[in-house]
Amino acid sequence: MAQTALQDILVLDFGTGVAVPDGIRLLAELGAKVIKIESSKNLDFVRTIAAEKNSSAGFNETNRNKLSIGLDLQTAKGKDILKKLIEKADVFAENQRGGVAKSLGFDYESVRKIKPDIIYLSSQGFGGGGPHSDYPAYGPMLSAGSGMLSIWKHPDDPYPVGSNSPLPDHMASKQCAIGIMAALDYRRRTGKGQYIDMAQTEVAASLIGESYLDYTINKRVPEPKGNRCPYAAPHGAYPCTGMDNWVAISVFTDEEWHSFTKAIGHQEWDEDPKFATLLERLKNVDELDKLVAEWTTPLDAWDVQELLQKAGVPAGVVQRAPDTMKDPQILHDNALVELDHPIVGKRLYPNVALKLSGTPALASTPAPLLGQHTDEICRELLHMSDGDIENLKKEGVLESPDIQPK
Amino acid sequence: MTSHQEGALTGYRILDLTDSKGAYCARTMGDLGADVIKIESPQGDTGRSIPPFFNDDPHPEKSFFYIYRNASKRGITLNIETEQGINLFKKLAEKADVVVENFGPAYMDDLGLGYEDIKKINPNIVMASFTEFGTDGPYKNYKGSNIVDFALSGVMITSGYPGKAPTLLPGMPAYDAASLIAVVEIIAALYARPVIGGGQKIDASVHEIARTGLYPWSVPIYSHSLTPGGPLPMPESRLGDSIYPVYPTKDGHIRVIALTPRQWQALVKVLGSPEVLSLPEWESFIYRIGNSQDLLAIMLEFTTQFTQMEIWEKGFQEGVPIAPIYDIPTFINSPDANARNYFTKVTHPVIGEGLYPGPPYRWTATQPKIQSCAPLLGQHNEEIYCNELGLSKEDLVILKGAGVI
C-alpha cells in the first residue's frame, strides 16, 4: 500500500456542523486516523436536520473516512475514556458552542496537561477573546457579521440574502486543515504543539481583502456589484429555457468580444457605436445585458456553454446537482463517487479533491453511524476488555448504533 | 530581510509563478512564515490591472487587488520564455521547496520546467499546478473566469433572490477555494517529504475541486432525496431569504437562524411573544419557508423595535442565533475584530498605510501574520539575483535590456 502523508497521525474530531468536521475530513483523506467524538446527547447538529441521525446528506458528506465513538462526556467515566484517547492523539479540534469544551474539562489548558505537544484547534463564529466568543453561530450569520454579505447582492436588491449554502463554513474548514497541517509540520521540526483559535468571520473577511483596503485607504464604502465586472462586458448570468435555468458568460478582451458576436450571429454589434469598444459596452451595459438575455432566453444553457466555449468565450451552466451529475468533464475526472452507506444505501458525493502523486489521498469510505466504531476503538486503541465495554454501554457511557444496517 | 518572529512554515521557500487566480495560495503560506518569491514577467502580473485602485488611479503599483493578494511575498521579474530565464529559474528551483503555477496544461513541460525536469535538479521539490478544467478531457480547451467557475461550482444557483439572476459572491470564490485546498496539499507534501524521501506533484483543477472547496453538499443532498420510483426532488433554488431570513431593525438588518422548534420559540420570546407569531403553524420550519413573505410582513413590526445590538444580545440570552449584517466599516470597528487585533496595519511605499484583513486565527507558538507589503515590480531583483545567485549589478542591466528580467 502506498504511504500517506498523515499515516501515523491520530485526530480527535470534537466538531459539529462544517467548519471543523469538513477540515478534519481532508486530514482523514491524507491518511490520518480520525475519531469523531459524539453521543446521542450531544449530536453533531447536521445529524439533526434529517429524518434520522444517520441519514443526513450533509453529515454523510462531511464525515466520510472517519471512525465514530459514541461517548457520553457528561459522565466521569466518559471523560476518562476521552483522556485516554487524548494521550494517544496528535490533534484535538472542536467547534462546540462557545464554552462547552471548557465546561466539560477539555479546553486547551486541560488537554495539554494530558498531552503537552497536542495541536488544539478551536473554531468559533466570532473567534475567541471578544465579547461574542460564546455566541452560537452558523455560517450564514458569519458572512453577515464579517461585511462579506453586505456586498453580496445585485445593486438593485433591497438588502442581501446570501445563499442556501452555509458559506463561509466550507472555506473556514479549509483554513482549519491548513492551520493543523502547518502546526503538525512545525511540531515535526521542533517538538512543540500549540493552540489555534480561528474566527469564521475573519475567514470571510480575508476573502474580500481588496474591499477592506478600498475602505481603509480610499475611505470609500465598497458598493455591491452583483454580477457586473468593472472591466468586462457582457459579464453575468443570463436566463435560458426551462425553469430557473441560467448560463454565466464573461467577455473580457476585444478578441473574445468578436468571437462572441460571431458565434451568436450578431456581428453587427461590432460596428454599433454603443458596443464597439469595452468602454462603450460598459457605458451601455444595461442595454447589452438585455440583448444578450434576449439571445439566451430561447436557448438551452448547455448549448450556450458549448457554442461559446468552442468560440473561445468563457461560459458555463449555472449548475445544480443534476447538471453536475451529467457534466462531461466531471465524469471524465471521476469527480463524483458513489458510496454504499449502511443506512442510506448507494448515494453520490464529490470525490476526493486532493491529487498528490507521491502520497495519494485515500479513497472515500462512508460516514460512520453514530458509535459505529466504539467497540473497535475501545478494544484496539484502549485495550479494554469486552466485559468492560459491555458494562460501560449498559451504564450509558458508551454507545453503539441503535439501528440495524440494511 | 528584517528578522521576524518564527512562523509555522519558516524555513520553506516557495516560488510563486501564479497570476491573480492563484495568488491567494502562496499568500496564505507567506502569512504562515514561508519565504515566498513571486515571479512576474518583466511586464508584471496581469493582477496589477485589477481594480479597485488607490485614488482610482489605474497604475500597476496601485491595485488593491494585487497588493492584498501578494502581501507576505518578495517579488522578482523573470521571463521564463527565454533561455537565460529558464536557466535562472532552474537555479532558483534548486534551492526552493515549492513551485506553484497556473499557466495551464503542459506550459511548464513545454519550457522544460515541468515537474519531471525540476525533480532532476531538486528531488525534494513540491510542485503544484492549477488548471481551470484539468489537463485532459472534454473541457481541456475551455476558458474559465471568476463568474463562470463560480456558476459551475453549484453554489451560484443558490445565491440571491428567487426569480432574479443568481448572484456572484464577492472576491474570487472558486479560485480561492482551489487555492486553499492546494495549500493543504502542499503542506501535506512538505510534511511527507522525510517519509517518502522526496517531493511530489500536485494537480488542482478549479472546475473539479471548487464544489468541494465552496459547498460540496449539493449533489449529496439531491442524491439522498432520490427514492426508487419516487418523484424527482424539487429543483434547487435560491432560498437564502427564507431558510436564513433577513429582517430590518432600527439601525440595519439582522439575519436569524431558527431551524429548530426551540430556536423559533426563543425568537418569538425575544420579540415579546406577540399573539400573531404564537399561532401553531409558524412552529413548522417548512411552513415558515413556504410563507416567508407573509412572515416578513408580520416580523417587520416587531424587529424594527430593536437595534441590531439589542436583538443580537437578546437572541443569545433566549437561545436563538441572530447576527447583525455588518457593512465593511462596522466590522473593522467591531469589538470582536478589535479584541483579536484582526486588522493589520501595513505600509506600502506607493499606497501608504492601510488596514488589511490578517490571517483568520490566533496561534500560541507561531502566530501567522502579514510579513510584508506586496512587492513593487522587480523590487527584490538585486536581493535575489545578486545576493543569492551571485550575479553582478552589471549583469542585471544586461538581463533587463535583453528582456530577461
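**Entry 1**

I started with strand 4 of chain A (residues 91-94), and both of its faces are covered. Val91(A) and Ala93(A) point to one side, Phe92(A) and Glu94(A) to the other, and all four are buried. For me, "buried" means 20 or more other C-beta atoms within 10 Å of the residue's own, "exposed" means 12 or fewer, and "partly exposed" is in between, with C-beta atoms placed from the backbone. A handy reminder: side chains in a regular strand alternate between the two faces of the sheet.

Before going on, I noted that this is a predicted model, in which local features need pLDDT of at least 70, side-chain atom pairs count only at pLDDT 80 or more, and totals for chains, interfaces and linings use all residues. Residues are numbered from 1 along each chain as its sequence is written, while chains are lettered from A and ligands numbered from 1 in the order in which they are written.

Which strands pair with strand 4 of chain A? Strand 1 (residues 10-14) of chain A runs parallel to strand 4 and is joined to it by 4 bridges; there I found Leu12(A) bridged to Phe92(A). Strand 5 (residues 119-124) of chain A also pairs with strand 4 in the parallel sense, over 4 bridges, and Val91(A) has Ile119(A) as its bridge partner. Pairing here requires at least two bridges found by DSSP. Helices (H or I, at least four residues) and strands (E, at least two) are DSSP runs, numbered from the N terminus.

**Entry 1: chain A as a whole**

I then stepped back and counted 19 helices and 12 strands in chain A. Its C-alpha atoms fill a box of roughly 85 × 50 × 40 Å along the principal axes. Of its 406 residues, 58% count as buried. Among contacts with a separation of 6 or more, 69% are between residues 24 or more positions apart; a contact means C-beta atoms, placed from the backbone, within 7 Å.

An automatic or database domain assignment sets the domain bounds. It divides chain A into domain 1 (10-206 + 334-399) and domain 2 (235-328), with C-alpha centres 41 Å apart. In chain B, domain 1 is 13-214 + 340-401 and domain 2 is 244-325; those centres lie 43 Å apart.

**Entry 2: where the chains meet**

How many residues of chain B are in contact with chain A? I found 122, facing 124 residues of chain A. Helix 7 of chain B gives the most to its side, with 15 residues. That side of chain B divides into 79 nonpolar, 28 polar and 15 charged residues. The classes are: Ala, Val, Leu, Ile, Met, Phe, Trp, Tyr, Cys and Pro nonpolar; Asp, Glu, Lys and Arg charged; the others, Gly among them, polar.

Met198(A) has Tyr361(B) as its bridge partner.

**Entry 3: two helices in chain B**

Helix 7 (residues 173-196) and helix 8 (residues 206-214) of chain B pack at about 85°, their axes 8 Å apart. I am using axes fitted to C-alpha atoms, for helices over the stretch in contact, and angles from 0 to 180 degrees between N-to-C directions. These two helices are therefore roughly perpendicular (65 to 115 degrees; under 35 is roughly parallel, over 145 roughly antiparallel, the rest oblique). The contact includes Pro173(B) and Tyr175(B) of helix 7 and Val206(B) and Ile209(B) of helix 8. By class, this contact has 11 nonpolar, 2 polar and no charged residues.

Most residues other than glycine have a negative phi, and most peptide bonds are trans, so I went looking for exceptions. The bond from Ala233(A) to Pro234(A) is cis, with omega near -5°. Pro234(A) sits in the loop between helix 10 (209-218) and strand 7 (235-239) of chain A. Lys219(A) is in the loop between those two elements as well, and has a positive phi of about 60° without being a glycine. Is Lys219(A) buried or exposed? Lys219(A) is exposed, with 8 other C-beta atoms within 10 Å.

Methods: Two residues are in contact if their C-beta atoms, placed from the backbone, lie within 7 Å.
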